[in-house]
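Open the structure in your viewer and keep the selection tool ready. We will go stop by stop.

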Amino acid sequence: MHFSIPETEVRSDENGSTYVAYNIHVNGVLHCRVRYSQLLGLHEQIKKEYGNNVVPAFPPKKIFTLTPAEVDQRREQLEKYMQAVRQDPILGSSEMFNSFLRKAQQETQQIPTEEVQLEIYLFNGQKVKVNILTSDQTEDVLEAVASKLDLPDELVGYFSLFLVQERGDGGCTYVRKLQEFELPYVSITSLHSPDYRIVLRKSYWDTSYDSDVMDDRVGLNLLYAQTVSDIERGWILVNKEQHRQLKSLQEKGSKKEFIRLAQTLKYYGYIKFDPCITDFPEKGCHVIVGAGNNELNFHVKLPSDQMKEGSFKVTRMRCWRVTSSQVPVANGTANPSSSSKCDVKLELAFEYLMSKDRLQWVTITSPQAIMMSICLQSMVDELMVKKSGGSIKKMQKKRLNGSFQRSDSQQAVKSPPLLDSPDPSREQVVKLSTKLSSVSLRGLSSSNSASDISGNDFHGNYAFEGIGDDDL
């Protein structure tokens, strides 16, 4: 998650005294307004709990009233401080930090603690109404939904709550996975738009976990509803014969067989993102990105209008980062310089092992860049936990809720053998270590003989078994 403090406000307290409020944004959206003294209090608590050596530097107090330039300097320093705390694997996931942000969010939106009813959507359009407190955190709401659905406790960790924006064309945009530092009711209410929904969706990538979920009646129904929705949205590719088979299974009520057939289809279990821009294979290319099967899949439209497809395996990404910048908005005027408002431009860049000795940066410019980063991090987490013999429940506890950027000690990733890039002829979901192939970007055509435009054979002896906890 990306924390920023792009702006300040001069506000008045209940006594009429003015103060400077620092607006903390998460993924470019206002999360809360806080005073310097509140952040200083948080800093002192963290320092007391974890010691001076762990806590990042905090901007010092000033005796005299700050000038506008000094206020802006403090804003930048506080922004760096919040980012440093959030990126720290201990501090960023601490209850002390998360509870501070939850309380500040509730105070900013001026929503009192009271019992309310919150609607959570399933992917078949069904609404689940749960009775919660406005101050309930994400985990509390997820457990309330699971209880209402009679989903067993041992399966709760297989699902997460996502903030989704419904589009006019019937599609949907994944905004983010709801985090432990926010209050779902406050988050959805503060958007003041009926287009946003909180949706329950599976939170794992490895399709072998489907068997655990399908052993339970409620889990089976949830996974079935999501699979049907993904097919209807075009996220999973289905040809005429496969569609006929799926329809026949649907009519028979054979949900397990329906899911097992869907598992063999292209892009099963992927999350698709809105069209955006990439610099691969050349600058200014339009691309549709999908995340799944431990990869980012690209459908690229070249400047020549030729369509290409390719995949980037997470295990060949040495590191990645998300960067943001402020882009002026003209506010409806012809003169952009008169604007007092800015949009946030987000970019995801990853360094990729194209061949044995060649690394290359690939950049995606998208409002969903942070959601893509969270997907990558969760794929790595899942691979590492499974490698160490852990379970999804253990993984859910250890995850850093989609850290914004890995530290230097976590960046190097030894690469296992690659899977094939997506191929229309592929029918089985191939596991990570079963195939070797080159990374390629293939032309989209009705035939299966599309040519590679970057046939970079990888001859290194990296193996999945070689990945250790120190490599990520």
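Which residues are linked with Arg 11 in a network of salt bridges? Select Glu 9, Arg 11 and Arg 33 together: these residues are linked in such a network. Keep in mind that you are looking at a predicted model.

**Stop 1: charged pairs**

Side chains of opposite charge can pair when their charged atoms come close. In this model the count comes to 18 salt bridges.

Now select helix 2, residues 68-87. Pick out Arg 75 and Asp 72. Their side chains meet in a salt bridge, 2.9 Å from N to O. Why can they be found about one helical turn apart? Arg 75 and Asp 72 are three residues apart in helix 2, so about one helical turn separates them.

Is Arg 75 buried or exposed? Arg 75 counts as buried because its relative accessibility is 12%, which is under the 20% cut-off. Its two partners come out otherwise. Asp 72 is partly exposed at 35%, and Glu 76 is partly exposed at 38%.

Move on to Arg 102 and Glu 95. Their side chains meet in a salt bridge, with 2.3 Å from N to O. Arg 102 is buried, with a relative accessible area of 8%. Glu 95 is partly exposed, at 47% relative accessibility.

**Stop 2**

Select strand 11, residues 285-292. Six of its eight residues are buried, so strand 11 is largely enclosed by the rest of the structure. Cys 285 is one to click: it is buried, with a relative accessible area of 0%.

Which strands pair with strand 11? Take them in turn.

- Strand 9, residues 271-272, runs antiparallel to strand 11 and is joined to it by two bridges. Find Ile 271: its bridge partner in strand 11 is Ala 291.
- Strand 10, residues 276-278, pairs with strand 11 in the antiparallel sense over three bridges. Here Ile 277 stands opposite His 286.
- Strand 12, residues 295-301, is also antiparallel to strand 11, over seven bridges. Look for Ile 288, which stands opposite His 299 in strand 12.

Now follow the turns. The hairpin of strand 10 and strand 11 has six residues between the strands, and Gly 284 there takes a positive phi near 80°. The hairpin of strand 11 and strand 12 has two residues between the strands. In that hairpin, Asn 293 takes a positive phi near 50°.

Cys 276 is buried at 5% relative accessibility. How many disulfides does the structure hold? The number is zero.

**Stop 3: the nonpolar cores**

In soluble globular proteins, nonpolar side chains tend to be buried together. The largest nonpolar core in this model has 70 residues. Select Leu 296, Phe 298 and Phe 350, which touch the most other members. Then select helix 10, residues 369-387: this helix supplies the largest share of the core, eleven residues.

Zoom in on Leu 296. Set aside its neighbours within four places in sequence. Its remaining contacts include Val 289, Ala 291, Phe 312, Met 317, Phe 350, Ile 364 and Leu 376.

Finish at a second, separate core of 48 residues. Among its members are Leu 118, Leu 122, Leu 142 and Ile 392.

Methods:
Residues numbered from 1 in each chain as written. Heavy atoms only, no water. Core = buried A, V, L, I, M, F, W, Y, C linked by side-chain atoms within 4.5 Å. Buried < 20%, exposed > 50% of the residue type's maximum accessible area, 1.4 Å probe, protein only. Helix = DSSP H or I, 4+ residues; strand = E, 2+ residues; numbered from the N terminus. Contact = heavy atoms within 4.5 Å. Disulfide = S-S within 2.5 Å. Pairing = 2+ DSSP bridges. Salt bridge = Lys/Arg side-chain N within 4 Å of Asp/Glu carboxyl O.
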